[in-house]
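Hi there,

Here is the structure I promised to pass on to you. My notes follow below it, grouped by chain.

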Amino acid sequence: MKKRVWFIWFLLLFSAGWAFAQDDTARYLDALERKYSALKDYTVDVKVHFDMEGFNAPDMQARLYFKPPDKMKVESKKVFFFPKEGGIFNPFVFKKEAFDIRLLEETTYDNRKAVKLKLYPKDTKKMKQSFVLILDIESHQIREFHTSSDEREVKGVIDYGKFKEFDLPTRIELHLDLPFKESFEMREFGQPAPAPQRVTGKAEISYSNYRVNSGLRDDIFESPKRKK
Amino acid sequence: MEETFQREIVLRTLGLSKKFGKRWAARNLNLEVHRGDIFCFLGPNGAGKSTAIRMILTLLRPTSGSIEMFGKDLHQNRQDVLSRVCGIVEKPDFYLYLSAYKNLQILGSMNRSVRSDEIMEILDVVGLKSRAFEKVRTFSHGMKQRLGIAQALLTKPELIILDEPTTGLDPQGMKEIRELIKRLSHERSMTIFLSSHLLSEVELVATRMAVINKGELIAQGTVSELLGKEATDYTLQVFPFHSALELMGSLTWVKVLSVGNGAMEVRVEPGQAPELNKYLVTHGISVSSFSPHRSLEDFFLKVTGGKSEI
Amino acid sequence: MKLVWFETVKTFSRWRTYIGFSVIALIVIITEVVMRLSADEILYRMLRSLEKDFLISGNVLNGWFVTAFIMNSLHIHMPFLITLVAGDVVSSEATSGTVRLLLIRPPSRSRIITAKYITTFFYTAGLVLFLGLLCILLGLTLFGSGDLIIHHYGRFGIIYIEEAEIPIRMLFAFIAAIWSMMAVASIAFLLSTLAENSVGPIIGTMAVVVVFLVIGNFPLDFFRSLKPYLFTTYLTFWQRFLDDPIPWQQIGSSAAILGLHSILLFLIALGVYTRKDIKS
C-alpha cells in the first residue's frame, strides 16, 4: 500500500514538474511571440555570399518580402539563390503550441543571459524538423538556431539591428549540410546514375533597407505555379 | 629561220615510264614535240596515251624518266612550266553547279589574272557566249568539249594538250573541234599535242605524230613519213561511174578491189593518190569523194610488222 | 589567298553546303520553340533537386541557358553535318572529274590542298557560329536574357555566370567548339583525300566519332582507361569556358591534343594528296 502511495506521489510530483518545466520554457517562446506580435510585414534587401563547395556564384542580391505567419517572396532581376532554411527571419514559426520544449541549459551569449532550448514539433506531419535555439532572454532574440530533419542540418547565427521598434537581422550566417541527389532526367546518354552526396558550406546573408509594416498586400505573394 | 622554228622542242620526254602494280602502262617513252606542231599521239584504247598525257600534266608521277617543257625540267619548274601549258584530260569535266563564266574565271585565274572581257571573248571564240551565265549542268557534251577548249585558251598557253578531244562527239561536233584545233594552230601559233585512236582524225589535223601500243612507242615522225610509205586503199565516189572504171582499168598502178553501191574501192601505189585524183578530173570525171580506206588496225599491222595486238 | 577564295566560292555554291545550315536552323528552331512551350517542365526537372533547399528566382531559363543546352548536343549532330562538306571537299573533285582540270594548273598540290583545308575550316567555323548565333538570337528573343546557371550532372555543381560576362565566355566557347569540330573535320578531310566519292569519308568519319564516343562512355574500367586517349573525350572542352574559375590549364591541354590531331591529320592528307596518282 505504502509503495503504491509513494509511486502515485512520485508520479504526481514528476508530472507536475514536467508541466511546470513546460510552462517555464514556453514563456521564452511566449516572450518572443509578444516581442514580434506587432510585426505585420517587412521588406528587406538581402545580399548573399555563398561559400560552398560546388557552388560557384558571385554575391547575389534580391529584395525579400515577408508577411506572417509564413508568406514570403524573393524578387530579383538577376538569378538568385536563397537558402530556404533559415534565410528568412520568421519568429512566428516558434509558437509554443507547436512544440514540445526542453530546456537544455541556461547559459550566457555575448555576456547576456541566454537559454538553450530544444523544440520538438508536435505535429510531425506538418513540421518535420526539430530545433535547438539559443535565446537571449534579456532582449528575447534568437541568437543561434540549429535545425535538423531527415538528412538536413542547418545552423544559423543571427546579428540584429533595430528597425522601428523591432530587432531584425542585419546578418545571418548559415552553416549548411544538405543532401543532394541528381534528378534522373538530367542524365545524358552513357552517364551512370551518380551516388547521393552531401553539400556542405556557409552562406552569409546581410540584410539592409528594412521597411517594416508597410502594409504589404497578400496578392504580391501569389506567384503562378509551375506545371510539372 | 623556218627550220630553226620547227626544231625548237617544247615538249620532250626521256625514258618516261609508269608502272601500275606489275603492269607497265607506259614504258620508255621518248617523245619530241616541236613548236607549232599539231602533234598527234596515236594508239588504240588502252595503249598508254592517257597515262603519258597524265604524266606530262603532272596528274601521275612517273615511275622513271623525265619530262622537259620549254627546255626546263617539269618537276623542278612546275609552276613556271604549267603556266605556259593547258590541257584537257579525257572528257572535260566542270563544276556543273557553276556557270560557264564562273568556271572559266576560277580555272583561268589559277594561271593568271583574267579579265571579264577576256572570258567573254574566249566564250565567243568557242561559240558559247550566249550561254555564258548558264550552269554547265545544262550543257551538252559538245558544249562542254568546247568549254574545255575555252578554258585551255583562256590561259593563253604555248602548248595545249588534248586527250581524245573528239571522243563522244557526233560527226558535226568532231568536225567543229578539228577545225578549231587547226585554227588555233594557224591563227594563234599554238603547239597542240593531242591523242586519238582515230587514224582518220590524225590524218586530217596532224603535222607530226607518234604511235604507241601497249605502253611502248612504235613510231614517231611527220604524218607523211609514217602514213605515206605504204600502198593505201581508197573509197571513191565518182561520176560517170563506168567511164571512171574504164579509165582506171588502163592504169597499171591502180587496182580496183570492189565495186558496189555507187562507190568503188581501189588500191593505189604509195604517193600516187593525188595523181589518181588529178588523172580522173582531167579526164572529165567528177570526184565527189576520195577517202582513204585504211583502218587503224591495218596501219598498226603495217607499222608493227604484223605484231600488233589491238 | 586567291585559291582559298575560289575554294570558298565552289563550296558555298553547292546546295550540299547548305544542308548543314538548314538542319541546324531546323534543330535550333524546333528545340527552342518546344523548350518555350515546355518551359515549366524544363525548369521543374532542372531545378527539382535544388529547389528542396533553395529559393530560386530570376530568369533561369534564359537565352544563354538555352544556347548552352543546345550546344551540349554539339558533339552528337555537328560532326555529321561537318562531314557532309569536309568529307566531300577533296573527293568531289575526283567524283566530278574536275580534279583533272584543277591539278594541271600552276599552283602546287600542297597549295591547293591547303586552300581546301582552309575552306573546310571556314565551313566548320561558319556552321558552329551559325549554330551559336541562331541559338543566342532566337534564345534571347524567346526566353530573354539573364545570368547563366550551369549545373554539372552527377555532382553538386552550380556555376553562376553573370549576364555581363556571358557574351565573352560564349565567344571563347564557340572558338573552342570550332577548334573541336576541326578535329572531326580533319578526319573527314583526310578520308576525302583517300576516296573518290564522299560517301566513304562521311560514313568513315561518323563511324570513328560514334565508336570513340561509345567506347569513352562505356561504364567499364577497361574502356574508362582508354578515355584519355580518345580525341572525342576532348570535344566538349568548350564547356570549360562556362566553368568557374575557367580551368585554363585543362582547356590548354584539350586544345593542344585536338590541335595536334588536326595538324597531324592534315599533314597526312597533304602527304597523301601530293603523292597521289590521279587515275580517275
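**What I found**

Chain A has 1 helix and 12 strands. Please keep in mind as you read that this is a predicted model. Of the 228 residues in chain A, 25% are buried. If you take the contacts in chain A between residues at least 6 apart in sequence, 51% of them join residues at least 24 apart.

S12(A) pairs with strand S1 (residues 42–52) of chain A in the antiparallel sense, over 10 bridges. In that pairing, Val46(A) stands opposite Tyr207(A). S12(A) also pairs with strand S11 (residues 166–180) of chain A, again in the antiparallel sense and over 10 bridges. There, Gln197(A) in S12(A) has Phe180(A) opposite.

**Cores**

Which residues touch the most other members of the largest nonpolar core? They are Cys40(B), Ala150(B), Ile82(C) and Phe189(C), in a core of 198 residues. Helix H9 of chain C (residues 166–194) gives the most to this core, namely 17 residues. Apart from it lies another core, of 8 residues, including Leu236(B), Val238(B), Met248(B) and Leu276(B).

Back to Cys40(B): leaving out residues up to four places away in sequence, Cys40(B) touches Leu194(B), Ser196(B), Val202(B), Val205(B), Ala206(B) and Met209(B).

**Where chains B and C meet**

Here 26 residues of chain B are in contact with 20 residues of chain C. On the side of chain B that touches chain C, helix H3 (78–82) and helix H4 (100–109) of chain B each supply at least two residues. Sorted by class, that side of chain B has 13 nonpolar, 7 polar and 6 charged residues.

**One residue in chain C**

Phe12(C) lies in helix H1 (residues 2–12) of chain C. Why does Phe12(C) count as partly exposed? Phe12(C) has 14 C-beta neighbours inside 10 Å, and that count falls between the 12 or fewer of an exposed residue and the 20 or more of a buried one. From Phe12(C) to Gly139(C) there are 127 residues in sequence, and their C-alpha atoms are 27 Å apart in space.

Best wishes

Notes
Residues numbered from 1 in each chain as written. Chains lettered and ligands numbered in written order. Predicted model: local features only at pLDDT ≥ 70, side-chain atom pairs only at ≥ 80, totals over all residues. Helix = DSSP H or I, 4+ residues; strand = E, 2+ residues; numbered from the N terminus. Contact = placed C-beta atoms within 7 Å. Core = buried A, V, L, I, M, F, W, Y, C linked by C-beta atoms within 7 Å. Nonpolar A, V, L, I, M, F, W, Y, C, P; charged D, E, K, R; others polar. Pairing = 2+ DSSP bridges.
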